[in-house]
Amino acid sequence: MAARTVAVIGAGASGLCALKCCLDEGLVPTCFERSGDIGGLWRFEEHPEEGRASIYRSVIINASKEMMCFSDFPIPEDFPNFMHNSKIMEYFRMYAQHFDLLRHIRFRTSVCRVSKRPDFATTGQWGVVTESEGKQEAAIYDAVLVCTGHHTEAHLPLSTFPGLEKFEGWYLHSRDYKSSQPFLEKQVVIVGTGNSGIDIAVELSHTAKQVFISTRRGTWVWHRVADSGYPYDILYITRFLWFLLNLLPQNVSNYITERKMNTRFNHALYRLQPKHR
């Protein structure tokens, strides 16, 4: 019986480990990557690329290297606990080279269409149309793995800001933010308290004249570093801890967690405490 073929769409973090797992199972994978390199979200480029997530120069991951690494390829011990995007890319290249993944990737190849074959009910096969250098190619695969991520399109609801057309300053989505230098001595409003919003606000606070954070509901803020200097996820995201918390009434577990988070700073004092527990 011929080995089953798999089309993997995207050569970011998910695409790379999908490739490796397919090879482990004796499958024949082909990965299609529309850009010219691996890394997906974590590859910094000065200008945002269409169809690919975009990060700013200073981005550091919010999961520790001990928790985010591939289980069969630990991150080197001399890498920092929370890695800069350049170190993440270095790790991905080491991973791809170690498991000889690059020869299975077709770079600068876009996937135009994925559809079930007419005999899908009996074969389970898919038709995949790709395009490279202006030429389209059709092929049949036994399975398709979509590893494209979900941060490719910017959500910028301008209609929710009436009067924006009269605003004399300039506005942008965090996708288009690259560094703090253009904001030197400017007044800046950050809308939203997600990971990027808080991260950019901290960075701009060293450059801009004044920085405000606007949030409708507030948020509970976790810190990367926990007690004794350990990464927060190593201490708090454990089966044992969650087993204990699940044994307690929800009000009690909420109280314990909120009290712990308020030891760093009082969320109510900073008007960040949300209504939800």
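This is a predicted model: local features need pLDDT of at least 70, side-chain atom pairs count only at pLDDT 80 or more; totals for chains, interfaces and linings use all residues.

Me: Is Glu258 buried or exposed?
Reply: Glu258 is part of helix α8, residues 250-261 (helices are DSSP runs of H or I with at least four residues, strands are runs of E with at least two, both numbered from the N terminus). Buried means under 20% relative accessible area, exposed over 50% and partly exposed in between, with a 1.4 Å probe and protein chains only. Glu258 has 13% relative accessibility, so it counts as buried.

Me: Which side chain makes a polar contact with the side chain of Glu258?
Reply: Leaving out residues up to four places away in sequence, Glu258 touches Trp220 and Arg277 (contact means heavy atoms within 4.5 Å). A polar contact is a pair of N or O atoms within 3.5 Å; within protein, one must be able to donate a hydrogen and the other to accept it, and residues adjacent in sequence count only if both atoms are side-chain atoms. At 2.8 Å, the partner is Arg277.

Me: How far apart in sequence are the parts that the Tyr56 and Tyr177 pair ties together?
Reply: Rings of Phe, Tyr and Trp (its six-membered ring) pair if their centres lie within 6.5 Å; planes under 30 degrees apart are stacked, over 60 edge-to-face and the rest tilted. There are 16 aromatic pairs in the structure, and one of them is Tyr56 with Tyr177, edge-to-face at 5.4 Å centre to centre and 70° between the planes. Tyr56 sits in the loop between β2 (28-33) and α2 (65-68) and Tyr177 in the loop between β7 (143-146) and β8 (187-191), so the parts tied together are 121 residues apart in sequence.

Me: And how are the rings of Tyr95 and Phe99 arranged?
Reply: Tyr95 is buried, with a relative accessible area of 1%. Ring pairs also link Phe70, Phe73, Tyr91, Phe92, Tyr95 and Phe99 into a cluster. The centres of Tyr95 and Phe99 are 5.0 Å apart and the planes are at 65°, so the pair is edge-to-face.

Me: Which residue has its charged end over the ring of Phe99?
Reply: A charge sits over a ring if NZ of Lys or CZ of Arg is within 6 Å of the ring centre and within 35 degrees of the ring normal. For Phe99, the charged end is 4.7 Å from the ring centre, and it belongs to Lys20.

Me: Is Arg271 buried or exposed?
Reply: Arg271 lies in the segment after α8 and has a positive phi of about 60° although it isn't a glycine. With 75% relative accessibility, Arg271 counts as exposed.

Me: Which helix gives the most to the lining of the second largest pocket?
Reply: α6 (232-236), α7 (239-247) and α8 each supply at least two lining residues of the second largest pocket. With eight residues, the top contributor is α8.

Notes: Residues are numbered from 1 along each chain as its sequence is written. Side-chain values use heavy atoms; hydrogens and water are left out.
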